[in-house]
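Have a go at each one before you read the solution.

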Amino acid sequence: MKVPIVENVLKLNDEVAALNRVQLKEADVLTINLIGSPGCGKTALLETTLRQLADTLTVGVLVGDLATTRDADRLARWSPYVVQINTGKSCHLEAHQIRQALTKIDLAKLDILVIENVGNLVCPVSYDLGEDFRVGMFSVCEGDDKAAKHPQLVHAADLLVLNKTDLLAHVAFDPDVFRHDVAQLNPQAPLLEVSAGTDRIDNWLAWLASRVERSALQFSGPCN
Amino acid sequence: MHELSLANSLTERIEQHLPDGAVLKSVDVRAGAGLAVDPGAMQMAWRAATEGSPYQDAELKLICEPWNLHCPSCQRRWTSGNPLESCLCGQTHLQVQGENALMLVGLEIEEPQTCQEIRP
């Protein structure tokens with residue numbers, strides 16, 4: 001006998017993600033899910049971001065790793081609002097892990113919360129965490145074919161970041177190939193080319209600030 | 001390997017829909033192109049997730065959907081496993097769509113046997 005059903009297998013994850021989203025919206029915190037391969041510079045981007053925004057915006061970070069607190073320790077030098085999530089053997093973060101981590105951070109103090117996902121270009125794409133924006137990150141050291149090789153992330157991202165552009169002269173990376181692939185897979189998503197290691201992230205900071213401002217305007221109402 | 005997490009979530013959904021006493025024969029699942037599910041890994045994950053459970057002999061029937069491509073120049077629409085194909089008309093910037101979801105579509109079950117009381 002056939003039993004027809006049409007249901008998302010990740011229904012439970014999505015329900016928890018929806019709860020996260022409500023909690024973050026009520027706290028007026030812009031939330032970003034940062035997805036990228038190990039070594040592309042996610043933590044370096046966040047270190048530079050925290051340092052440069054220290055006098056402007058309050059940023060918190062939930063850091064996902066299989067093991068260690070090294071990334072959280074690096075970021076904690078620049079922000080008191082950092083929580084490490086150790087997944088053990090899991091290659092991605094799920095909504096229930098974020099829900100638990102949110103109990104350890106004072107959202108009332110934050111303008112922005114970045115979820116630094118486990119280093120992985122594939123698995124995190126499947127899991128809604130309750131974010132406002134999903135950011136896909138690559139670096140020039142990985143090869144100009146990586147957008148084409150990971151179409152699911154590029155297609156799902158609201159923003160793409162290409163890091164380590166200071167090293168372009170030293171690697172076999174054709175930016176036009178990468179830009180073409182990104183544009184084809186996701187013409188709506190902006191592509192920001194940055195160098196976190198040399199503090200060249202003005203375009204990323206401007207994007208963050210514009211999203212925070214847009215969020216504040218939405219909450220301010222017609223009389224303000 | 002997120003296929004194992006997906007397989008575990010799938011068993012949870014099945015438990016919500018399987019009638020009491022019924023035996024699961026197979027489960028139909030559809031993976032969107034945007035999900036990055038490997039069919040071989042998903043089968044392996046299903047076996048791992050159901051080992052020792054009432055579902056261990058059930059077959060996982062997985063359909064992996066292709067990308068939907070649309071050419072803005074000639075309006076041609078087609079499906080492909082490669083989202084970076086060019087159109088036959090030469091256009092390289094296509095509109096690409098693919099669902100980012102794993103959908104439980106249906107179950108095939110063997111209903112529980114009912115005992116008929118034999119009256120003398």
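Predicted model: local features only at pLDDT ≥ 70, side-chain atom pairs only at ≥ 80, totals over all residues.

Residues are numbered from 1 along each chain as its sequence is written, chains are lettered from A and ligands numbered from 1 in the order in which they are written, and side-chain values use heavy atoms, leaving out hydrogens and water.

**Exercise 1.** Find the angle at which α1(B) and α2(B) pack.

*Solution.* Start with the axes, lines fitted to C-alpha atoms (for helices over the stretch in contact), with angles running from 0 to 180 degrees between N-to-C directions. These two pack at about 55°, with their axes 8 Å apart.

**Exercise 2.** Work out which residues of α1(B) and α2(B) meet.

*Solution.* Look for contacts, meaning heavy atoms within 4.5 Å. On α1(B), they include B:Leu6, B:Leu10 and B:Ile14; on α2(B), B:Met42 and B:Trp46 are among them.

**Exercise 3.** Trace the order of the open four-stranded sheet.

*Solution.* Strands (E, at least two) and helices (H or I, at least four residues) are DSSP runs, numbered from the N terminus, and two strands pair if DSSP finds at least two bridges between them. That gives β1(A)-β6(B)-β1(B)-β2(B), with mixed pairing. Next, zoom in on β1(A) and β6(B): five bridges join them, and they run antiparallel. A:Val3, for one, has B:Leu107 as its bridge partner.
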